[in-house]
Amino acid sequence: MGFFQRLTQPERAAPAPRPGGGSLARDVAAMRPALVALTAEREQLDPGRLEIDLRGLVADLLQGEVAPPTADVALLVREGVDPREFYDKEIARAWDGLDENKRAARVEQFAGLAQMLEDAGADARMPGHDRMLATVRTKTLVLAFAVDETYGLMRQIEHDPTAFA
């Protein structure tokens with residue numbers, strides 16, 4: 001089961017809406033179409049890649065190639081987050097040079113952290129809480145999408161249909 005599906009499982013009740021933001025589970029529905037569209041554009045530029053161009057995808061997302069799909073992305077764009085720095089600081093260590101299992105484990109850790117930050121009461125929030133939450137949720141969704149796209153069966157069949165023969 002892909003990460004996007006696991007993040008929206010019915011047995012996990014969706015958290016109550018927070019002012020100015022969403023939730024990791026609810027943001028999947030908004031983030032997926034934006035990432036699919038950006039990935040399709042990137043695929044036209046470099047057809048046949050085995051992995052998606054995650055650095056380019058992050059750049060497109062944070063530079064406004066599409067309307068911000070979530071309140072979190074809108075906050076990061078509004079605050080002028082540099083896409084290169086975001087990739088290097090937030091994404092690279094959870095993606096570059098790692099195998100499928102390690103990448104998946106990182107996504108699961110970030111999803112847990114996002115849930116913890118979403119559940120934090122007002123008295124438990126530190127300064128910069130909203131920015132940290134926006135960062136964690138955005139990188140979780142981007143990485144979950146990248147894992148799904150890179151290791152999903154559709155991509156595997158497309159690139160090596162004989163692997164299942």
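First, a term I needed: a polar contact is a pair of N or O atoms within 3.5 Å; within protein, one must be able to donate a hydrogen and the other to accept it, and residues adjacent in sequence count only if both atoms are side-chain atoms. This is a predicted model, where local features need pLDDT of at least 70 and side-chain atom pairs count only at pLDDT 80 or more, while totals for chains, interfaces and linings use all residues. Residues are numbered from 1 along each chain as its sequence is written, and side-chain values use heavy atoms, leaving out hydrogens and water.

**Entry 1: Thr-140.** I found Thr-140 in helix α7 (helices are DSSP runs of H or I, at least four residues, numbered from the N terminus). Its side chain reaches the backbone oxygen of Val-136 at 2.6 Å. Buried or exposed? Thr-140 counts as buried because its relative accessibility is 0% (buried means under 20% relative accessible area, with a 1.4 Å probe and protein chains only). I also noted that Thr-140 touches Leu-24, Val-107, Phe-110 and Ala-111, not counting residues up to four places away in sequence (contact means heavy atoms within 4.5 Å).

**Entry 2: the whole helix.** I saw that 18 of the 23 residues of α7 are buried, so the rest of the structure largely encloses it.

**Entry 3: the core.** The largest nonpolar core has 37 residues, and Leu-54, Ile-91, Trp-95 and Leu-143 touch the most other members (such a core is a set of buried Ala, Val, Leu, Ile, Met, Phe, Trp, Tyr and Cys residues joined through side-chain atoms within 4.5 Å). Which helix gives the most to this core? It's α7, with eleven residues.

Key:
Buried means under 20% relative accessible area, exposed over 50%, partly exposed in between (1.4 Å probe, protein chains only). Helices (H or I, at least four residues) and strands (E, at least two) are DSSP runs, numbered from the N terminus.
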